[in-house]
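Welcome! Here is a short tour for someone meeting this structure for the first time. Please take a look at the sequence and the model below, and then read on.

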Amino acid sequence: MHTTVETTNQYIANTYARTPLALTHGKGSLLYDEAGKEYIDFGSGIAVNVFGVADPEWEKAVCEQAGKLQHCSNYYYTQPQARLAELLCEKSGLKAVFFCNSGAEANECAIKAARKYSNDKYGAGRYRIITLYNSFHGRTMATLSATGQDALHVHFAPFLEGFVHVPANDVSAVQQEVEKGGVCAVMMEMVQGEGGVQPLADDYVQAVAKLCREQDILLIADEVQCGNGRTGKYFAYMHHPGVEPDIVSTAKALAGGLPMGATLFGPRTQHVLTPGTHGSTYGGNPVCAAAGVSIVSRIDEALLQQVTEKGRHLRQRLEGAKGVKSVAGLGLMIGVDTDRKVQDIIAECRDKGLIILSAKEKVRLLPALNIPMELLDRGIDILLEVIGK
Ligand SMILES: *Cc1c(COP(=O)(O)O)cnc(C)c1O
């Protein structure tokens, strides 16, 4: 008899630095491993299980739809897909949605749409896309090309042409690239996730949005991680008054744990994609879309208020605590710079029954948006004990 860990290590390609922890099930913000040990979950997958594990409303939506129609081609119409698109447009004020299966695909669609917008309007050659250092936009060749992290680029040259990376919070760097010409879009995460949980400065986002508007350059917000209520607003760009991206990509939390991504288009871009220019067999799958409706419909003002309050509580308990250098983030998307090495903290928290994540050299916390206060505090107790050791 081999253990799950052994069989995995033998038969699954070794692309993840996995923690030796085999999970079987959970309930809300609690998870259980094969030995029956209980863990408080401060990761939600990676910002995916936003209403925790086996949330009753989500489960009902998924099971009911699975028993009715689990898939149909996008040559036909389905009610869950239509309803989810309508909800996303109502929440954001954006105009149209393309559905896919992941964050990388949502960004692929954003990149294609930005290039087509420019090509339709200005002809060939205006295809460059500015992204930020420390960004993360996905693992496909185009989204990896967009990702501004040299460490992820070492093995895979040549990359897709036309991406340029600039430092975050430096307007003049964006300006300089724009002046070189040929730029069709600027793409950014309002809170960099994988890059270390770094919110962009408001004056920077405002200035870039203004520059984009003046030059008819599209602003793309990658809300794959920071979207869907995570930061206390529906999308993180909504922390920047007046900023209206032309394209928004999202995924992770969207269907509460089923694979689904979406690319949202504003007034300037809603008609860019036309029949045959883009598609996805599974995109908008009815089970995932029904799951999405059960999630998105519940991310309302009351929930967002709770996210803000829980985020504030979490920060207050961490800031100034022993072993904590600094705390950054927004809402329930928090990065903690610590004296101790993050991998040691993760391992010791796991032993004590708390699951956390890392981002670069920081501790990253992404609990479920509806985590009960009591579990939040119990988790923080463990974290503080380990960080302060
Ligand atoms: C996770 C992530 C992606 C990639 O999403 P996948 O679903 O893994 O393809 C893209 N952008 C950001 C900001 C992310 O956090």
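## Around the ligand

The ligand is surrounded by Ser102, Gly103, Ala104, Asn107, Phe136, His137, Gly138, Glu189, Asp222, Val224, Gln225 and Lys252, each of which has a heavy atom within 4 Å of the ligand. This is a predicted model, in which local features need pLDDT of at least 70 and side-chain atom pairs count only at pLDDT 80 or more, while totals for chains, interfaces and linings use all residues. Residues are numbered from 1 along each chain as its sequence is written, and side-chain values use heavy atoms, with hydrogens and water left out.

By type, the shell holds 3 nonpolar, 6 polar and 3 charged residues. Here Ala, Val, Leu, Ile, Met, Phe, Trp, Tyr, Cys and Pro count as nonpolar, Asp, Glu, Lys and Arg as charged, and the others, Gly among them, as polar. Helix α5 (residues 103–122) supplies the largest share of the shell, 3 residues; helices (H or I, at least four residues) and strands (E, at least two) are DSSP runs, numbered from the N terminus.

Let us look at some atom pairs. An oxygen atom of the ligand lies 2.8 Å from a backbone N or O atom of alanine 104. A nitrogen atom of the ligand is 3.1 Å from a polar backbone atom of phenylalanine 136. For aspartate 222, an N or O atom of the side chain is 2.9 Å from a nitrogen atom of the ligand. Taken alone, the ligand exposes 380 Å², and the protein buries 81% of that (areas by the Shrake-Rupley method with a 1.4 Å probe).

Asparagine 107, one of the residues around the ligand, lies in helix α5. Asparagine 107 counts as buried because its relative accessibility is 1%, and buried means under 20% relative accessible area (1.4 Å probe, protein chains only). Its side chain reaches the backbone oxygen of histidine 137 at 2.8 Å, and histidine 137 also belongs to the ligand's surroundings.

Serine 135 is found in the loop between β5 (128–132) and α6 (141–146). With a relative accessible area of 2%, serine 135 is buried, and its side chain reaches the backbone oxygen of leucine 132 at 2.6 Å.

## A buried loop residue

Where is aspartate 246? It lies in the loop between β10 (218–222) and β11 (247–250). Aspartate 246 has 4% relative accessibility, so it counts as buried. Aspartate 246 and glutamine 270 are 24 residues apart in sequence, and their C-alpha atoms are 8.7 Å apart in space.

Terms used: Polar contact = N/O pair within 3.5 Å; in protein donor to acceptor, adjacent residues only side chain to side chain. Buried < 20%, exposed > 50% of the residue type's maximum accessible area, 1.4 Å probe, protein only.
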